[in-house]
Amino acid sequence: MGGAGAPEWLIREDAGQPILLALYLRQVLGIRSPEELPHLRGIPARANDRSAQAQETLEEQWRTYWAMTVEPQAHPSAVPLELVDEFGTSLALPTEGADALRAAVVPHAAEALAFSQSAHERYRKEAAHTTGTSYRAYAGAIAEHERQVGRRAHAFELNVQVLPLSQRGVWWIGALTIAVTDGLRGDVAAFDAAIHPIIAELA
């Protein structure tokens, strides 16, 4: 996106199934990371009955999986990945160093897949009605930033994950990736105010 001769900016918006799947599993497994990111709406969190050591192992393996899921190019696996059979082609984990996570996620496969597919489809249907609005929301914020700083925006990339989170807001979940609550994304004025600081940081 961007005009001819202008620095290029690229914003991708989605409610990615891998992200939704990961967050569902995070919640039902009782994983805290990333601590600042709220829970998904309507999914009960697990009461943690693991030992401190077992929990720490799971959290560590989870953080690796989460980083690879959010920004796979920035966080490639050090070892080959292997599909987890119960998830079809939707979940691959490292062949080494993910045994605890692999064992923990398997019992939740059917519900996790159903949730991620349903939430993704809901986003797609809503996005189909607002394609032009979506572009204008970002273009408007960038134009406003350019007016404020008196120069063209720098080239940048931003990935926006629109998620059914229990709290309204915007959170950085990767170097180039933010999570935004679906309710906030649907509120034009509030989203405009929330995206401005993000654009200012990047552009």
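This is a predicted model: local features need pLDDT of at least 70, side-chain atom pairs count only at pLDDT 80 or more; totals for chains, interfaces and linings use all residues.
**Exercise 1.** Determine how helix H1 is oriented relative to helix H2, and state which residues make the contact.

*Solution.* 
1. Two packed helices are described by the angle between their axes and the distance between the axes.
2. For H1 and H2, the angle is about 165° and the axes lie 10 Å apart.
3. Angles over 145 degrees count as roughly antiparallel, so H1 is roughly antiparallel to H2.
4. The crossing of H1 past H2 is left-handed.
5. On the H1 side, the contact is made by Pro18, Ile19, Leu21, Ala22, Leu23, Leu25, Arg26 and Leu29. H2 contributes Leu58, Trp62, Tyr65, Trp66, Thr69 and Val70.
6. Sorted by class, this contact comprises 12 nonpolar, 1 polar and 1 charged residues.

**Exercise 2.** Carry out the corresponding analysis for helix H1 (residues 17–29) and helix H4 (residues 109–128).

*Solution.* 
1. The packing angle of H1 and H4 is about 135°, and their axes are 8 Å apart.
2. Roughly perpendicular covers 65 to 115 degrees and roughly antiparallel begins over 145; the angle therefore makes H1 oblique to H4.
3. H1 and H4 cross in a right-handed sense.
4. Gln17, Leu20, Leu21, Tyr24 and Leu25 of H1 take part in the contact. Their partners on H4 are Glu111, Ala112, Leu113, Phe115, Ser116, Gln117, Ala119 and His120.
5. The class count for the contact of H1 with H4 is 8 nonpolar, 4 polar and 1 charged residues.

**Exercise 3.** Describe the largest pocket by its volume, its lining and the elements that supply the lining.

*Solution.* 
1. The volume of the largest pocket is about 560 Å³.
2. Its lining consists of 26 residues, and those nearest the centre are Met68, Thr69, Val70, Glu71 and Pro72.
3. At least two lining residues come from each of strand E1 (9–14), H1, helix H2 (52–70) and strand E4 (156–163).
4. By class, the lining has 13 nonpolar, 9 polar and 4 charged residues.
5. Thr69 and Val70, listed among the residues nearest the pocket centre, also belong to the H2 side of the contact with H1.

**Exercise 4.** State whether the peptide bond from Ser33 to Pro34 is cis or trans, and locate Pro34.

*Solution.* 
1. Omega for this bond is near -15°, and the bond is cis.
2. Pro34 is placed in the loop between H1 and H2.

Key:
Residues are numbered from 1 along each chain as its sequence is written. Side-chain values use heavy atoms; hydrogens and water are left out. Axes are lines fitted to C-alpha atoms, for helices over the stretch in contact, and angles run from 0 to 180 degrees between N-to-C directions. Helices (H or I, at least four residues) and strands (E, at least two) are DSSP runs, numbered from the N terminus. Angles under 35 degrees count as roughly parallel, over 145 as roughly antiparallel, 65 to 115 as roughly perpendicular and the rest as oblique. A crossing is left-handed if the near helix is turned anticlockwise from the far one by less than a right angle, and right-handed if clockwise. Contact means heavy atoms within 4.5 Å. Ala, Val, Leu, Ile, Met, Phe, Trp, Tyr, Cys and Pro count as nonpolar, Asp, Glu, Lys and Arg as charged, and the others, Gly among them, as polar. On a 1 Å grid over the protein atoms alone, a cavity is a set of points where a 1.4 Å probe fits but cannot get out, and a pocket is an open set with protein on both sides within 12 Å along at least five of seven lines; lining residues have an atom within 4 Å of a point. Grid points are joined across faces, edges and corners, and a volume is the space filled by probe spheres set on the points.
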